[in-house]
Amino acid sequence: MFYIIHILRGIAALLVAGFHLNAASDSEGYATPIFDMFAYGAVGVDIFFVISGFVIFLSASRSKSWVASDFLVKRFFRIYPIYWLFLGVFLALSMGLFLATGDASKLPTSEVLLKSFLLWPSDTYAISIAWTLTIEMTFYLLFCLCYQGKTASLGPVWRVLGVWSGLSVFCSLLGWNIGGLSTLFHPAVPELVLGVIIAKLYLSGVSAGAIPASIVGAIGLIAALMIDYEAGYASWRAVWVGLPAALFIYGTLGIERRLGREMRLFGDASFVLYLLHIPAFLVIGFLVEKGLGYNIYSSDLSMGLVLVVVMCGAFLAHLIIEKPYQNWYRGFLAKRKVQGPNAKATLKTSDR
């Protein structure tokens, strides 16, 4: 794994978690100047999309024998079971809060629950960040439908992803609301294509202008965290954030550095932190307010402590749950792949 990709994953998850803390604080009318730095931390999602496009194309291009069904099975095992686990935790916590307070506002309807479980296109999910996973799964599916292996033409890939990106920008600019399908045409979709482009450049050996690109990209990302683009940001986030992220990644791919244990854990636990932080904030906030009469969103200090606690929880969850699960499913899929041809060979031999 590239050093910069690994670190950016952790940073992106941290930005999103900080963004949700700051948003909760703002909604309750508190002034938290330090956490105001996370006011536009939603850019972490844009960084994730660029990374996803890069990693998926890179891994597919390096595959010795590309099989679309194998790729989709791997993606399923990578995303759904861990997501389902935290969705179940969130639902259990929501039910607990309902029983404790009588407030049913946090309980999803059966329709929302079903769409959340399937990651079906929707305008409402049980866990709000699930919309990004719906886009991810759509990207995987479309990529598999048009990618034919590293020796085949990439024309279908560019056409399909290009049309999808164009429709996303078009729908956003016109303000079209097509219900749950609007999720599939989110203005951040072109960022996946940007990731594919820089992966293609990397595989082609193109590295011209790497240093200027990294500098411009870094400046752009910092600006995205400081500047309110209002309506323009919503429609052109792929330009304001996705392009700087792509430039920064392109310019820093050549950095080779051995990851320390802490930095490796920071990147490895990013998916768990991404899924965990909202239900964790919900529970911690409830317990602290009921036990101590204190609102965790009222100060930078308390929010900082909560963020640290949740990050530590994500690290532990990764080590105790996600990592062993990943080792299991990788072994399971590898064994299944090896046994498939052998089983056929055995059958043919026995038929003789």
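Q: What share of the contacts in the chain, between residues at least 6 apart in sequence, joins residues at least 24 apart?
A: The share is 79%. A contact here means heavy atoms within 4.5 Å. The model is predicted.

Q: What makes up the chain, read along the sequence?
A: The pattern is α-α-α-α-α-α-α-α-α-α-α-α-α. That is 13 helices and zero strands.

Q: Why is the chain called as compact as a globular protein of that length?
A: Its radius of gyration is 21 Å. The globule rule gives 20 Å for 352 residues. The two values are close, so the chain counts as compact as a globular protein of that length. Along its principal axes, the C-alpha trace spans about 75 × 55 × 45 Å.

Q: How many of the 352 residues are buried, as a percentage?
A: Buried residues make up 46%. The cut-off is under 20% relative accessible area. The chain exposes about 17,800 Å², and carbon and sulfur atoms supply 67% of it.

Q: Where do the charges stand relative to each other?
A: The chain has 25 positive and 19 negative side chains. The centres of the two sets lie 20 Å apart.

Q: How many aromatic pairs does the structure hold?
A: It holds 27.

Q: Why is the pair of Phe 48 and Tyr 274 called edge-to-face?
A: Ring centres must lie within 6.5 Å to pair, and planes over 60 degrees apart count as edge-to-face. The centres of these two rings are 5.3 Å apart and their planes stand at 65 degrees, so Phe 48 and Tyr 274 form an edge-to-face pair.

Q: Why does this pair tie together parts that are 226 residues apart in sequence?
A: Phe 48 lies in helix α2 (residues 43–61), and Tyr 274 lies in helix α12 (residues 270–292).

Q: What makes Phe 48 and Tyr 274 buried?
A: Buried means under 20% relative accessible area. Phe 48 has 16%, so Phe 48 is buried. Tyr 274 has 4%, so Tyr 274 is buried too.

Q: What kind of aromatic pair do Phe 57 and Phe 143 form?
A: The pair is edge-to-face. The rings lie 6.3 Å centre to centre, with 85 degrees between the planes. Phe 57 lies in helix α2 and Phe 143 in helix α5 (residues 130–146), so the pair ties together parts 86 residues apart in sequence. Phe 57 is buried at 2% relative accessible area, and Phe 143 is buried at 0%.

Q: Which residues form one aromatic cluster?
A: The cluster consists of Phe 76, Phe 77, Tyr 80, Trp 84, Phe 117, Tyr 325, Trp 328, Tyr 329 and Phe 332.

Key
Residues are numbered from 1 along each chain as its sequence is written. This is a predicted model: local features need pLDDT of at least 70, side-chain atom pairs count only at pLDDT 80 or more; totals for chains, interfaces and linings use all residues. Side-chain values use heavy atoms; hydrogens and water are left out. Helices (H or I, at least four residues) and strands (E, at least two) are DSSP runs, numbered from the N terminus. The radius of gyration is taken over C-alpha atoms; the globule rule is 2.2 Å times the number of residues to the power 0.38. Buried means under 20% relative accessible area, exposed over 50%, partly exposed in between (1.4 Å probe, protein chains only). Accessible areas come from the Shrake-Rupley method with a 1.4 Å probe; for residues, only the protein chains shown count as cover. Lys and Arg count as positive and Asp and Glu as negative; His and the chain ends are not counted. The place of a charge is taken as NZ of Lys, CZ of Arg, CG of Asp or CD of Glu. Rings of Phe, Tyr and Trp (its six-membered ring) pair if their centres lie within 6.5 Å; planes under 30 degrees apart count as stacked, over 60 as edge-to-face and the rest as tilted.
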